[in-house]
Amino acid sequence: MGEDKIPLLKPYKMGKFNLSHRVVLAPLTRSRSYGNVPQPHAILYYSQRTTKGGLLITEATGVSDTAQGYPITPGIWTKEQVEAWKPIVKAVHDKGGIFFCQIWHVGRVSSYDYQPNGQAPVSSTDRQITPKKQHDDSVKEYSPPRRLRTEEIPLIINDFRLAARNAIEAGFDGVEIHGAHGYILEQFMKDSVNDRTDEYGGSLENRCRFALEIVEAVANEIGADRLGIRLSPFADFVDCWDSNPEQLGLYMVQSLNKYGILYCHMIEPRMSIVDGRRNTPHRLLPMRKAFNGTFLAAGGYDREDGNKAVDEGYTDLVVFGRLFLANPDLPKRFELNAALNKYNRFTFYTPDPVVGYTDYPFLDEKKFES
């Protein structure tokens, strides 16, 4: 019976975790954690997307009071936040899911409004992000950041370590360090931003030092067997890009091998349109081949593309964001090759506890019974 499953639904052993399929819930910012505290409505949201032996990654979760840059995002630096996560984690575990907490610091992708006492956001640099036009045509302004002094960097590393410890205290199976999309790790890693002259700037090795020191600190705190990282060497979000993304990606995965971490979750370059169809670039293979642990690929995958990637050994697991958001029963829909709900971009970040959050319909399975 098992052999006729599509590649995405074949079991996989990720370290000590027995996954029943390869379909992973992406970390998706949902902006519904009032006061930076996870809310009871997240219990339903995550449990809806849980399957026995399925891997879920939380929305990006702040490591400290300086880590915030978006409205009502959750944190995991206070006792109250840890306690609020516990019933959410329990709901996922009660359904047999495996749950990782993505820990995050936005660095300069912030403004005075989000910072304690209205202070400047911290970063590798004091250069400000150019204002960005939003989906609704409004313009997002970022405050000028303050360059971290060399001696302050261990404090940020320690925030990640404590957040990881808190995540395990809350019951999570592990943590994913957010090292992607222009946030603080990338502000050090990428040469379009990092203009430092100390041991955290200049050479590729120096630029990656901060990220790898975070990896080391977290691995020492909770165990490398419970640790993943998300990387996006090809991305150019918030003025953050690298002149040699392949070299950056390869150096990072080769360095990660020294710590023996559980997985590397990497984002494809932006999709292209070919013959009217969205095409995933598939440029992660050198990184996939170089990395010793489990490899997760993300970036616009659909059922067909995901099956092909797993079947050809391009990746171990495939991470789905918008499709999993709009289809809480995505693995079941993939199994039946059923039609998918369309996602509504305008309700991704609304603070409503139901709309665009827990109101996407499940399949009516009676229609599929023979």
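The protein exposes about 15,500 Å², and carbon and sulfur atoms supply 51% of that area, where accessible areas come from the Shrake-Rupley method with a 1.4 Å probe and, for residues, only the protein chains shown count as cover. Before I go on, please keep in mind that this is a predicted model, in which local features need pLDDT of at least 70 and side-chain atom pairs count only at pLDDT 80 or more, while totals for chains, interfaces and linings use all residues. Residues are numbered from 1 along each chain as its sequence is written, and side-chain values use heavy atoms, with hydrogens and water left out.

Let me begin with the overall picture. The protein has ten helices and 17 strands; helices (H or I, at least four residues) and strands (E, at least two) are DSSP runs, numbered from the N terminus. The C-alpha trace spans about 65 × 45 × 40 Å along its principal axes. For 370 residues a compact globule would have a radius of gyration near 21 Å, and the protein, with 20 Å, agrees with that; this radius is taken over C-alpha atoms, and the globule rule is 2.2 Å times the number of residues to the power 0.38.

Of the 370 residues, 57% are buried, a word that here means under 20% relative accessible area, whereas exposed means over 50% and partly exposed lies in between (1.4 Å probe, protein chains only). If we take the contacts (heavy atoms within 4.5 Å) between residues at least 6 apart in sequence, 72% of them join residues at least 24 apart.

Now to helix α1, at residues 41-48. How many of the eight residues of α1 are buried? Six of them are, which leaves the helix mostly covered, and these are His41, Ala42, Tyr45, Tyr46, Ser47 and Gln48. Their cover includes β3, β4, α2, β6 and α9. Pro40, in the loop between β3 and α1, counts as exposed because its relative accessibility is 59%.

That brings me to the aromatic rings, of which a search of the whole structure finds 15 pairs. Rings of Phe, Tyr and Trp (its six-membered ring) pair if their centres lie within 6.5 Å, and planes under 30 degrees apart count as stacked, over 60 as edge-to-face and the rest as tilted. Tyr46 and Phe99 form a tilted pair, with 5.1 Å from centre to centre and 55° between the planes. This pair links distant parts of the chain, since Tyr46 sits in helix α1 and Phe99 in strand β6, 53 residues apart. Tyr46 counts as buried because its relative accessibility is 1%, and Phe99 is buried too, at 0%.

Tyr70 and Trp104 form a stacked pair, 5.7 Å from centre to centre with 25° between the planes, and this pair also joins distant parts of the chain, with Tyr70 in the loop between β5 and α2 and Trp104 in strand β6, 34 residues apart. Is Trp104 buried or exposed? Trp104 counts as buried, because its relative accessibility is 1%, while Tyr70 is partly exposed at 21%. Finally for the rings, Tyr45, Tyr46, Trp85, Phe99, Phe172 and Tyr357 form one aromatic cluster.

Ile72 has a positive phi of about 35° although it is not a glycine, and Ile72 lies in the loop between β5 and α2. Asn337, in the segment after α10, likewise has a positive phi, of about 50°, without being a glycine.
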